[in-house]
Amino acid sequence: MSKQKLEFTWRNSEQLEGDLVEAVTALKNEPGRNIALSGSVSVVRQLLAAGLLDELHLLVHPIAVRKGMRLFDEGETAIPLRLISSETFRTGVLNLVYGQAESTGDATYEDAKLYLGQREQ
């Protein structure tokens, strides 16, 4: 999505117009293959909040940059996720794939801390 007209050189690419959530909902209802998005925090935030992402792929790099836009802002409602897969590259980068999970209700960070350091048996 962009307010200006873009020209794409990638195969099977198109520019969506209008409201993002409405456009993606319509696109997901069409027959076809997977829809991929790369690198837009604001778009990912909107699609996560609308429940339109089937999978969220995160690459976690072994460096704390400490600046830039955060994917998850404070004050937003919890977004329940479940880990689908994980891979560690030799560089130390983690490739994490999450899917939607059932609601966590009113879970808090205090609730999440109960699981820190626990491993599955």
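Accessible areas come from the Shrake-Rupley method with a 1.4 Å probe. By that method, the protein chain has an accessible surface of about 10700 Å². Carbon and sulfur atoms account for 50% of this surface. The model is predicted.

**Overall layout**
- The protein chain holds 3 helices and 3 strands.
- Read from the N terminus, its elements follow the order α-α-β-β-β-α.
- The protein chain has 121 residues, and 16% of them are buried.
- Take the contacts between residues at least 6 apart in sequence: 47% of these join residues at least 24 apart.

**Helix 1**
- Helix 1 spans residues 20–28.
- Its N-terminal end is capped by Asp19. A side-chain oxygen of Asp19 lies 3.3 Å from the backbone nitrogen of Val21.
- Leu20, Ala23 and Val24 are buried in helix 1. They sit on the same side of the helix, because they cover an arc of only 95° around its axis.
- The buried residues of helix 1 pack against helix 2, which covers residues 41–49.

**Arg66 and its loop**
- Arg66 lies in the loop between strand 1 (55–60) and strand 2 (81–88).
- Its phi is positive, at about 70°, although Arg66 is not a glycine.
- Arg66 is exposed: its relative accessible area is 80%, and the cut-off for exposed is over 50%.

Note on methods. Residues are numbered from 1 along each chain as its sequence is written. Side-chain values use heavy atoms; hydrogens and water are left out. Helices (H or I, at least four residues) and strands (E, at least two) are DSSP runs, numbered from the N terminus. Buried means under 20% relative accessible area, exposed over 50%, partly exposed in between (1.4 Å probe, protein chains only). The arc is that of the directions from the helix axis to the C-beta atoms. Contact means heavy atoms within 4.5 Å. A polar contact is a pair of N or O atoms within 3.5 Å; within protein, one must be able to donate a hydrogen and the other to accept it, and residues adjacent in sequence count only if both atoms are side-chain atoms.
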